[in-house]
Amino acid sequence: MELRSLVTQVLTHYQEYYAVKVAATREDVFVMFAPPWFSSYEHTYLWITGFKPSLAFKILDKSVNQDELTDEQLEALCGLKVWTKAAERGLNNDMARVQESLVSPPLVNLALKRNPAETGVVGETADDVMQMLRKQMETLVETADMIRMTTARKIVEILSPVQSVRFLAAATQLQVNIRRVGLQRDAHSGRGATYGKVKNEQ
């Protein structure tokens, strides 16, 4: 199979994965932030329900020799890295605002079902607040996934087909290794039984 075709297939697979993830997120966004089918080790890598986009550059550094990159490629990758980091910071700020809203007095009072006149959010119910929070978190997830996909796609556009295959293979191998190590650690700690129960119930 031609390398460009292989790269296109892998990117299409990622696109399909994120499309399915959007549907799952809209069904229950709260579960996506702490998926019970993930191992404890996998949870340490979670950033808004997935890998941090800038992790792609660490994978790139380990899979593609910098001496192989042209000046044009290095310049383009540097610019992309700046964009990705800025996008991450912006989304971190958005996430912080959502978290702060959770502990604001009006919402806390509403969650405690106090007199609406005393909550500061007259006319709203706990369901209204949860719906608003759900929408905000869904937006965070979809934006984070967009940054992840955009970063990966642009890296591949900058690299040659051979370099792209090595980069994508390294990214896949990292995911497999994290999964394997996580399950092994949980099995040793006894958490593996809980994971198995969740998996069987799905």
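This is a predicted model: local features need pLDDT of at least 70, side-chain atom pairs count only at pLDDT 80 or more; totals for chains, interfaces and linings use all residues.

User: How do I judge the span of a helix, and what span does helix α1 reach?

Analyst: Compare the end-to-end C-alpha distance with the span expected at 1.5 Å a residue. Helix α9, residues 161–189, has 29 residues. For α9 the reach is 42 Å, close to the 42 Å expected.

User: Which residues of α1 are buried?

Analyst: Buried means under 20% relative accessible area. In α1 these are Val 7, Leu 11, Tyr 14, Tyr 18, Lys 21 and Thr 25. The buried residues of α9 include Phe 167, Leu 168, Ile 178 and Asp 186.

User: What comes just after α9?

Analyst: Gly 190, with a positive phi of about 95°.

User: Is Val 82 buried or exposed?

Analyst: Exposed means over 50%. Val 82 has a relative accessible area of 52%, so it counts as exposed. Val 82 sits in helix α5, residues 71–102. Ser 54 is 28 residues away from Val 82 in sequence, yet their C-alpha atoms are 9.5 Å apart.

User: Which residues form the positive surface patch?

Analyst: Lys 52, Lys 58, Lys 81, Lys 85 and Arg 89. Helix α5 gives the largest share, 3 residues. Lys 58 lies in helix α4, residues 55–63.

User: Why is Lys 58 called exposed?

Analyst: Because its relative accessible area is 57%, and the cut-off is over 50%.

Key. Residues are numbered from 1 along each chain as its sequence is written. Side-chain values use heavy atoms; hydrogens and water are left out. Helices (H or I, at least four residues) and strands (E, at least two) are DSSP runs, numbered from the N terminus. Buried means under 20% relative accessible area, exposed over 50%, partly exposed in between (1.4 Å probe, protein chains only). Patches are made of residues with over 30% relative accessible area and no salt bridge: like charges are joined within 9 Å, nonpolar side chains (Val, Leu, Ile, Met, Phe, Trp, Tyr) within 5 Å. Accessible areas come from the Shrake-Rupley method with a 1.4 Å probe; for residues, only the protein chains shown count as cover. A salt bridge is a side-chain nitrogen of Lys or Arg within 4 Å of a carboxyl oxygen of Asp or Glu. Lys and Arg count as positive and Asp and Glu as negative; His and the chain ends are not counted. The place of a charge is taken as NZ of Lys, CZ of Arg, CG of Asp or CD of Glu. The expected span of a helix is 1.5 Å times one less than its number of residues.
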